Amino acid sequence: MIFAIIIAVILIGLLLVLFFSYYKVFYYPIKNISETKGPITKTRHPYRDEARTRVKELAAIECETITTQSYDNLKLSARYYQGDHTKPLIICFHGYHGSALRDYSGVGLSLIRQGYPVIMIDERAHWRSEGHTITFGMRERFDVLSWVKYACKRFGNDCPIYLHGISMGGGTVLMASGQQLPDNIKGIIADCPFNDPEKIIRHVCKLVNLKPDLCWPFIKISALIFGRFNINKTTAAKEAKNATVPIMIVHGEGDDFVPASMSEEVQKANPDLIEYHLIAEAGHGLAYYYDPQQYETLMNGFINKTS
């Protein structure tokens, strides 16, 4: 009897640890706080006032709220900025716990001001999109295909499209690159992407003074049990190796959240198709803020030569 009680207590304790791991890493319940706010980290601090101004400017621009359905029947939401239809359509994917307004206050506002038609999506589990489980690209890569199908249906199969992602969004569009994309997808731009979900989670564990070798087994199993997905299903490099469209990766040399070495791993997987640009000293997601002229030159040059 005592032995049975001990076993039961251990199992309950194990389940609690697993659920806590899932809740902290993969579950995102927040839907009602301001999308214009975000954490001011050490690397973001020098751009705080500029970023807040640009977020407000982006929020004030007229746009259309659009929706599509995911492969697993979630309602996905996005903002559509009409722009000049002689230019390619850019579909933008924000980062982990991010938002379109915050993560695209830099390059996104630049794209709109240059006249590009832009769709800024809410990743699954974020803001207006349904769901609560973030899967680090395992399911999000198929959401990319859902938005591509939406764009083709609305604007035609001859509408040139570029995919742009920042941070987890960058990893997501790279993971989507290995899928069968329509011919009007002309290129993919990934800004500070991670390559391997396991590696980035282990890295963040170190940043918050947790032991990765101790935490990772619980995190991986919690994804399987509570999220019902395999976090090790694929990587950005593995998918990019099979890519058939040109890819440009931009990464800040000063990124201490997602190391630039992860972008290098992706580039080495398909060097003939992937160009890689390192922005000196720029922090995570801040390459545009650090050097907007260089970023726009690289981005527009890539679009012009591939469209």
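The model is predicted. It holds 18 aromatic pairs, no disulfides and one cavity of 30 Å³ or more.

**Cysteines**

- The disulfide count is zero. Cys-192 takes part in none, and the nearest cysteine sulfur, which belongs to Cys-92, is 13 Å away.
- Cys-192 has a relative accessibility of 1%, so this residue counts as buried.
- For Cys-215, the closest cysteine sulfur is that of Cys-205, at 4.5 Å, and this is too far for a bond. A disulfide would require the two sulfur atoms to be within 2.5 Å.
- Cys-215 is also classed as buried, because its relative accessibility is 18% and the limit for that class is under 20%.

**Aromatic pairs and cluster**

- The structure contains 18 aromatic pairs. One of them joins Tyr-71 and Phe-142 in an edge-to-face arrangement, with 5.3 Å between centres and 65° between planes.
- Tyr-71 belongs to the loop between strand E1 (64-69) and E2, while Phe-142 belongs to helix H5 (residues 140-155); the pair therefore ties together parts that are 71 residues apart in sequence.
- Both partners are in the partly exposed class: Tyr-71 has a relative accessibility of 46%, and Phe-142 has 24%.
- Phe-136 and Phe-194 make a tilted pair, with centres 6.0 Å apart and planes at 50°.
- Phe-136 is placed in the loop between strand E4 (118-121) and H5, and Phe-194 in the loop between strand E6 (185-191) and helix H7 (197-207), so this pair ties together parts that are 58 residues apart in sequence.
- Phe-136 and Phe-194 are both buried.
- These two phenylalanines also belong to one aromatic cluster, whose other members are Phe-19, Tyr-22, Tyr-23, Phe-26, Tyr-27, Tyr-96, Phe-226 and Phe-229.

**Lys-87**

- Lys-87 is located in the loop between strand E2 (75-81) and strand E3 (89-93).
- With a relative accessible area of 28%, Lys-87 is partly exposed.
- The charged end of Lys-87 sits over the ring of Tyr-116, at 4.9 Å from the ring centre.
- Tyr-116 is also among the residues that Lys-87 touches beyond four places in sequence, together with Gln-114, Gly-115 and Pro-117.
- Lys-87 and Ile-303 are separated by 216 residues in sequence, and their C-alpha atoms are 9.8 Å apart in space.

**Ser-77**

- Ser-77 is part of strand E2.
- Its relative accessibility is 3%, so Ser-77 counts as buried.
- When neighbours within four places in sequence are set aside, Ser-77 contacts Thr-65, Ile-66, Thr-67, Ile-121, Asp-122, Arg-128, Ser-129 and Trp-147.

**Cavity**

- One cavity reaches 30 Å³ or more, and the largest cavity has a volume of about 40 Å³.
- The lining of the largest cavity consists of Asp-103, Gly-106, Val-107, Ile-166, Asp-191, Gly-285, Ala-287, Tyr-288, Tyr-289 and Tyr-295.
- Helix H11 (residues 287-290) supplies the largest share of that lining, with three residues.

Technical notes:
Residues are numbered from 1 along each chain as its sequence is written. This is a predicted model: local features need pLDDT of at least 70, side-chain atom pairs count only at pLDDT 80 or more; totals for chains, interfaces and linings use all residues. Side-chain values use heavy atoms; hydrogens and water are left out. Buried means under 20% relative accessible area, exposed over 50%, partly exposed in between (1.4 Å probe, protein chains only). Helices (H or I, at least four residues) and strands (E, at least two) are DSSP runs, numbered from the N terminus. Contact means heavy atoms within 4.5 Å. Rings of Phe, Tyr and Trp (its six-membered ring) pair if their centres lie within 6.5 Å; planes under 30 degrees apart count as stacked, over 60 as edge-to-face and the rest as tilted. A charge sits over a ring if NZ of Lys or CZ of Arg is within 6 Å of the ring centre and within 35 degrees of the ring normal. On a 1 Å grid over the protein atoms alone, a cavity is a set of points where a 1.4 Å probe fits but cannot get out, and a pocket is an open set with protein on both sides within 12 Å along at least five of seven lines; lining residues have an atom within 4 Å of a point. Grid points are joined across faces, edges and corners, and a volume is the space filled by probe spheres set on the points.
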